[in-house]
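Here are some notes for reading alongside the model. Please keep the structure open while going through the points.

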Amino acid sequence: ASCVLEIVQVVNVLCAAMDMDTENEKASLRHCVCEQGLLNRCDGSARLQQGSTSVMVGVFGPAEVRMSKELSNRATVEVTYKPKVGLPVVKHRALEQLIRCTCEPCILTALHPRSLVSITIQEEHDDGSLLSCTLNAICLALMDAGMAMNYPMAAVSCALMTDGDLVFDPTAEQEKEAKATVTSIFDKSCADVVSCHAVGALTVDQLDRCLEACKPAAASIQQFY
């Protein structure tokens, strides 16, 4: 309980630093609360709440891996996504693949050949920016597990509205009204984009604008870590 209290106190301080002006846009992230070590049977776990969006992540491993999935030079990374209601469908399988491809480079898998790192995600509530919240929660769970990492990833979602404005960490309602949404994942320096996922129609210049505008917000998330 004391650990959670300290984290919440840190969040309250950092949330004030999450409002930053970038050119004509305002990179404002919703209030964040993180709790680590909640799941006793996991090697690491974290619950992250960004606004009303909430995700729980459990990390297992390095552990024994099935021979059919065994890799001789690195660990196998496995991602399981559980929706809030019902069973996983095709879109959730696609999301698992996207998350695995994003998370695998940030983990030092070469240290644990012929083993398994399993990441289980439980969606608790989706009020927009679900992918960025999930990726940030995974990073916090990996840290709680003491997993060796190449870099801590910081994910930021951005919505390009029909009037040309950018909205950071958009809600579900804002995502519906947006022309396109972009989730950018940065490394520790926040200078390099390690992954990007876009939904909707936007030009290359608009994509570059979104990526550049997300960098200060990603820096505040790295500070939160």
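**Notes on helix 5 and on a helix pair**

1. Gln222 counts as buried, because its relative accessibility is 13% and the cut-off for buried is under 20%. The model is a predicted one. Gln222 belongs to helix 5, which covers residues 204-224.

2. The surroundings of Gln222 come from other parts of the chain. Setting aside residues up to four places away in sequence, Gln222 touches Pro152, Met153, Ala154, Phe186, Asp187, Lys188 and Cys190. A polar atom of the Gln222 side chain is 2.7 Å from the backbone oxygen of Pro152.

3. Lys215 is also found in helix 5. With a relative accessible area of 23%, Lys215 is partly exposed. Its side chain makes a polar contact with the side chain of Glu212, at 3.3 Å.

4. Beyond its neighbours within four places in sequence, Lys215 is in contact with Phe186, Cys190 and Ala191. Lys215 and Ala155 are 60 residues apart along the chain, and their C-alpha atoms are separated by 9.7 Å.

5. How do helix 2 (residues 90-103) and helix 3 (residues 130-144) pack, and at what angle? The angle is about 45 degrees, and the axes are 11 Å apart. Helix 2 is therefore oblique to helix 3. The crossing of helix 2 past helix 3 is right-handed.

6. On the helix 2 side, the contact is made by Leu95, Leu98, Ile99, Thr102 and Cys103. Helix 3 contributes Leu131, Thr134, Leu135 and Ile138. By class, this contact of helix 2 with helix 3 has seven nonpolar residues, two polar and no charged ones.

Technical notes:
Residues numbered from 1 in each chain as written. Predicted model: local features only at pLDDT ≥ 70, side-chain atom pairs only at ≥ 80, totals over all residues. Heavy atoms only, no water. Axes fitted to C-alpha atoms, helices over the stretch in contact; angles between N-to-C directions. Helix = DSSP H or I, 4+ residues; strand = E, 2+ residues; numbered from the N terminus. Parallel < 35°, antiparallel > 145°, perpendicular 65-115°, else oblique. Left-handed = near helix turned anticlockwise from the far one by under 90°. Contact = heavy atoms within 4.5 Å. Nonpolar A, V, L, I, M, F, W, Y, C, P; charged D, E, K, R; others polar. Buried < 20%, exposed > 50% of the residue type's maximum accessible area, 1.4 Å probe, protein only. Polar contact = N/O pair within 3.5 Å; in protein donor to acceptor, adjacent residues only side chain to side chain.
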